[in-house]
Amino acid sequence: MPQPTPLPTPSGDRVTRPGAVLPGAAHRTVDVPGGRIHCVEQGTGPLVLLVHGFPESWYSWRHQIPALAAAGYRAVAIDVRGYGRSFAPAATDAYRMLAHVADNVGVVHALGEETAAVVGHDWGSPIAANSALLRPDVFTAVGLLSVPYAPRGGPRPTDGFASIGGEEEFYVSYFQTPGRAEAEIEPDVRGWLAGFYAGLTGGILTPADHGALFFVPPGARMADRFPTGRLPGWLGERDLDVYTAEFERTGLTGALNRYRNVDRDWEDLAAWDGAPITRPSIFIGGSLDASTTWMSDAIDAYPKTLPALSAAHILEGCGHWIQQERPDEVNHLLTEWLHEVRGKR
């Protein structure tokens, strides 16, 4: 399908014809080194940059954008490179962590700002964390949703992932070979997304079944363990339409390439081995999210790894899609934290 038609504006940015409309918000793309990033913006005040995870888009922040704007912030949600209306480089190594950090810095400057708070969910959480770690001059506060901060360390990531699961293959290993996961997902994007979203929603699967979803038996597909038959309460048919349309247009390679750079990240970040993030921070996770339970040691280490942490909140009964499953609670926690940080400046 054709790319959205860019409309020139006096500022040199482009207003993009959106795939989804959020009342009161503006869509545009801005220049960053090497490409362009699609942004959805609402509100005035201190900048809050919102970074989504896999397999989502700016649209995963649809509940937070107006809430943050109403609270006195300039809320800007991006499509991460490889997703949605943002650029999608062909080279796999163009999706390394350093490139995502550079994109975030580029967006802040393209918006005419010098600093921002950055909030990320899922893969957006380590992107946000590394943005604050590598560029604390730009990112003065960091919010982490669902995936805890764990400093660089340990063995080469793909070696570690290959060692777990026994005869079954951990999903990150399953995603490593270009084209393999795409061959499973792209023939039925809507069905795969619906099952993946449902499987990681709190209360739909038992904890044991939820954990099993991340492992692929020999000769099987990841989707074979997805729940079927109904959408989770937070995901309407229209919401699924938005996500499906974007991935049917772009494919999944750009999104999956984030997983294919974990070893490059480990090499690139060697100088920051074990490094703490010293900027003000907050963590919000779900009690029924495997990311929270499997990485409980990382949360326990927060006094050392996040010494300026405001609080680590665990929402009972919540799964992985935290800002969509529990928007009111997440909005309250984020705005109160941002007010607290703002008061300290």
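This report describes aromatic pairs, core contacts and salt bridges in a predicted model.

## Aromatic pairs

A search of the whole structure finds 27 aromatic pairs. One of them joins tyrosine 83 and phenylalanine 247 in an edge-to-face arrangement, with 5.8 Å from centre to centre and 70° between the planes. This pair links distant parts of the chain, since tyrosine 83 belongs to the loop between β6 (74-78) and α2 (97-110) while phenylalanine 247 belongs to helix α9 (residues 237-250), 164 residues apart. Both tyrosine 83 and phenylalanine 247 are buried.

Phenylalanine 170 and phenylalanine 215 form another aromatic pair, this one tilted, at 5.3 Å centre to centre and 45° between the planes. Here, too, distant parts of the chain are linked: phenylalanine 170 is in strand β9 (residues 169-170) and phenylalanine 215 in strand β10 (residues 215-216), 45 residues apart. Phenylalanine 170 counts as buried because its relative accessible area is 7%, and phenylalanine 215 counts as buried because its relative accessible area is 17%, the cut-off being under 20%.

Two arginines are placed over aromatic rings. Arginine 258 lies over the face of tryptophan 123, 4.6 Å from the ring centre, and the charged end of arginine 342 sits over the ring of tyrosine 73, 5.4 Å from its centre.

Arginine 258 also takes part in a polar contact, side chain to side chain, with histidine 100 (3.5 Å). Histidine 100 lies in helix α2 and is buried, with a relative accessible area of 2%. Leaving aside neighbours within four places in sequence, the contacts of histidine 100 are Val80, Arg81, Tyr95, Ile127 and Arg258.

The largest nonpolar core has 104 residues, of which Phe54 and Met222 touch the most other members. When residues up to four places away in sequence are not counted, the residues touched by phenylalanine 54 include Tyr83, Trp123, Trp192, Phe196 and Tyr259. Met222 is in turn touched by tyrosine 171, which also touches Phe214 and Tyr259, again not counting residues up to four places away in sequence. Tyrosine 171 is placed in helix α5 (residues 171-174) and is buried, with a relative accessible area of 15%. Between tyrosine 171 and leucine 213, 42 residues apart in sequence, the C-alpha to C-alpha distance is 8.5 Å.

Helix α7 (residues 189-199) is mostly covered, 9 of its 11 residues being buried. Among the buried residues of α7 are Trp192 and Phe196, both of which are touched by phenylalanine 54. The cover over the buried residues of α7 includes α6 (180-185), α8 (207-212) and α9.

## Salt bridges

The count of salt bridges comes to 20. In one of them the side chains of arginine 36 and aspartate 31 meet at 2.4 Å, N to O; arginine 36 is buried, with a relative accessible area of 17%, whereas aspartate 31 is partly exposed, at 48%.

Arginine 96 and aspartate 268 meet in a salt bridge at 2.8 Å, N to O. This pair links distant parts of the chain, with arginine 96 in the loop between β6 and α2 and aspartate 268 in helix α11 (residues 262-268), 172 residues apart. Arginine 96 is partly exposed, with a relative accessible area of 23%, and aspartate 268 is partly exposed as well, at 22%.

A further salt bridge brings together the side chains of arginine 260 and glutamate 182 (2.9 Å, N to O). Arginine 260 lies in the loop between α10 (253-256) and α11 and glutamate 182 in helix α6, so this pair ties together parts 78 residues apart in sequence. Both arginine 260 and glutamate 182 are buried. Elsewhere, salt bridges with shared partners join Arg28, Glu41, Arg74 and Glu113 into one network.

Methods:
Residues numbered from 1 in each chain as written. Predicted model: local features only at pLDDT ≥ 70, side-chain atom pairs only at ≥ 80, totals over all residues. Heavy atoms only, no water. Phe/Tyr/Trp six-rings, centres within 6.5 Å; stacked < 30°, edge-to-face > 60°. Helix = DSSP H or I, 4+ residues; strand = E, 2+ residues; numbered from the N terminus. Buried < 20%, exposed > 50% of the residue type's maximum accessible area, 1.4 Å probe, protein only. Lys NZ or Arg CZ within 6 Å of the ring centre and 35° of its normal. Core = buried A, V, L, I, M, F, W, Y, C linked by side-chain atoms within 4.5 Å. Contact = heavy atoms within 4.5 Å. Polar contact = N/O pair within 3.5 Å; in protein donor to acceptor, adjacent residues only side chain to side chain. Salt bridge = Lys/Arg side-chain N within 4 Å of Asp/Glu carboxyl O.
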